Each structure stands twice: as structure tokens, then as C-alpha cells.
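Here are my notes on the helix packing and the aromatic pairs, as promised. Have the model open while you read.

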Amino acid sequence: MLADLLSLDVYKFLLVFARLGAMIMFLPGFAGAILSARIRLILALAFSLLVAPVVAPTLPGIPENPADLVVLLVGEVTIGIFLGMITQFLLVALNLAGTFMAFQAGMTNAFIQDPVTEQQGSLLPSFLMNVALVLIFATDLHHLMLRAAAGSYSLFIPGQPLPMGDFADSLTHTLGRAFLLGMQLAGPLVVFALVFNTGLGLMSRLMPQMQVYFVAIPIQVMAGIGLLALTLPPLMAWFLRFLEDGLLPFAGGR
């Protein structure tokens, strides 16, 4: 009897770990290359240990057929990857906004070594992503990500057929909303670049002998950085609200 109970608990723990471990592989701040795989594994095991007793009543029994067990585990891993990808798609808004801003501010070719991904990246997108990660942990939004993982058991019951069509629709809709938000976040610099480049065009017509390019680039870069500094607080607050709204449906509301 004790052996059966022990095997059942291990089975439920591993079933929970399959979903939560796959999700943590993609969560912002947890999935960065700067965080070692051993630490991610420890976090996934600890979080699974906390969640397993809560969701144990919703877990199915041990399948008699090994093939059914494999299908069940693959389904849980798929759900975890879906939840992690939803969060990553929400962050696409900042990457797009940073790319648009860099183009408008004349800093498209400014690259730095990103400490999170440990690879070379464009300056403004990397800066916005790092600021967002700091704010996510400072405002405890990472707790909402973990709540979404635990709350997903009320939306996606283990052992039930996977709603692959709904998964695809959710990812597509989230990516579309992120693209729209990225354009809106970059709006101030887009308007500035439109006015600035229009003025440069008029100046080049009025003064053909003037080297407009060499005069304009330093002004464009400094004005772009100054405008970004002024608009950064409301832009980040807007993004954090967008991230919260995107995760709340999976966390079961407020």
C-alpha cells in the first residue's frame, strides 16, 4: 500500500513537472542564457513541488499502457510550451518598439553584448528588454506568470484532448496585439523622425551646398535619446499593463 501511494505521488509530481518545467524554459527572466540550466531545473522542481498537492485532484490516474503515459506527458509539455510562448509573444511588443525606435533615431547599427541572451543585439531593443525584466521582477509580475502556470490546470485539464486550434488562434492573436502595441510604443519617435526628416529635406533644397547628413545625424541621435528618456516611464507602464492583461486570463482573473 505504501509503495502504491509513493509511486502515485511521484507520478503526479512528474506530471506537474512536465508542464511547469516546459513553461519555465520560456519565461522571461527564467529562460535567459545568463541563468544556468541547473538553477532553472531547481526552480522548476521547487515550483512543481508546491503546485502538485494543489492540483493533484485534477490529475488523471496512472495509465496502464506505457503509450498512453507518453501521450499524456507530451500533452503536458505542449501546454507548458504554449504558456511560455504566450509570455514570449507578449514581449515581442518591446522588441518591435525598440527596432522601430532605433531606425527612427539613427541607431540601427548600434550593437551591444546583451547580458541576458549573451549574444550581440541592437542597442535599443536590448535596453528596453532589460528595463522590462527589471520592472517585471520589481513589480512582482513574475508572480503572475507563476499564477498563470498554476491556474492553467483549470483551463487545460490533464489527460483531455489538446485544443490545438485554440492554441494557434491565441498565439496569432497575441502576436498581432504585440505588433500593434510595438508600433504604438514607437509612435513618439516615429512622429519626431517624420518631422525631422521633412525639415532636413527642405533644408537640403534651400541650401544644397550644406552637408545635411553629417549635420543631422548627431542631432537626430541626441534628440532621439532625449525623447526616449522623456517617454520611457509611461511607455513601460503601458507595456506592463499589456503584459498583465495578457496573463490574467490564464491566472483566473484578479
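1. First, conventions. Axes here are lines fitted to C-alpha atoms, for helices over the stretch in contact, and angles run from 0 to 180 degrees between N-to-C directions. Helices (H or I, at least four residues) and strands (E, at least two) are DSSP runs, numbered from the N terminus. This is a predicted model, so local features need pLDDT of at least 70 and side-chain atom pairs count only at pLDDT 80 or more, while totals for chains, interfaces and linings use all residues. Residues are numbered from 1 along each chain as its sequence is written, and side-chain values use heavy atoms, with hydrogens and water left out.

2. Start with helix α7 (residues 187-206) and helix α8, the latter covering residues 212-251. α7 and α8 pack at an angle of about 160 degrees, with axes 11 Å apart. That makes α7 and α8 roughly antiparallel (over 145 degrees; under 35 is roughly parallel, 65 to 115 roughly perpendicular, the rest oblique). Their crossing is right-handed, the term for a near helix turned clockwise from the far one by less than a right angle, with anticlockwise being left-handed.

3. Who makes that contact (heavy atoms within 4.5 Å)? From α7 come Pro 188, Leu 189, Phe 192, Phe 196, Asn 197, Leu 200 and Ser 204, and among the α8 partners are Val 212, Ala 216, Ile 219, Gln 220 and Leu 227. By class, the contact of α7 with α8 has 11 nonpolar, 5 polar and no charged residues. Here Ala, Val, Leu, Ile, Met, Phe, Trp, Tyr, Cys and Pro are nonpolar, Asp, Glu, Lys and Arg charged, and the others, Gly among them, polar.

4. Phe 196 in α7 is worth a click. Leaving aside neighbours within four places in sequence, Phe 196 touches Ala 216, Ile 219 and Gln 220. Phe 196 is buried at 16% relative accessible area (buried is under 20%, exposed over 50%, partly exposed in between, with a 1.4 Å probe and protein chains only).

5. Now the other partner of α8. Helix α5 (residues 141-155) packs on α8 at about 25 degrees, with axes 7 Å apart, so α5 and α8 are roughly parallel. α5 passes α8 in a left-handed crossing. The α5 side includes Leu 141, Met 145, Arg 147 and Gly 151, and the α8 side includes Leu 240, Glu 244, Leu 247 and Phe 250. The contact of α5 with α8 comes to 12 nonpolar, 2 polar and 2 charged residues. Glu 244, at 18% relative accessibility, counts as buried.

6. On to the rings: the whole structure has 7 aromatic pairs. Rings of Phe, Tyr and Trp (its six-membered ring) pair if their centres lie within 6.5 Å; planes under 30 degrees apart are stacked, over 60 edge-to-face, the rest tilted. Phe 13 and Phe 17 have centres 6.5 Å apart and planes at 15 degrees, so they are stacked. They sit 4 residues apart in helix α1 (residues 2-24), about one helical turn. Phe 13 is partly exposed at 22%, and Phe 17 is partly exposed at 23%.

7. Phe 82 and Phe 250 have centres 6.0 Å apart and planes at 70 degrees, so that pair is edge-to-face. The pair links distant parts of the chain, with Phe 82 in helix α3 (residues 66-104) and Phe 250 in α8, 168 residues apart. Phe 82 is buried at 5%, and Phe 250 is buried at 13%. Ring pairs also join Phe 82, Phe 156, Phe 167 and Phe 250 into a cluster.

Definitions and conventions
Contact = heavy atoms within 4.5 Å.
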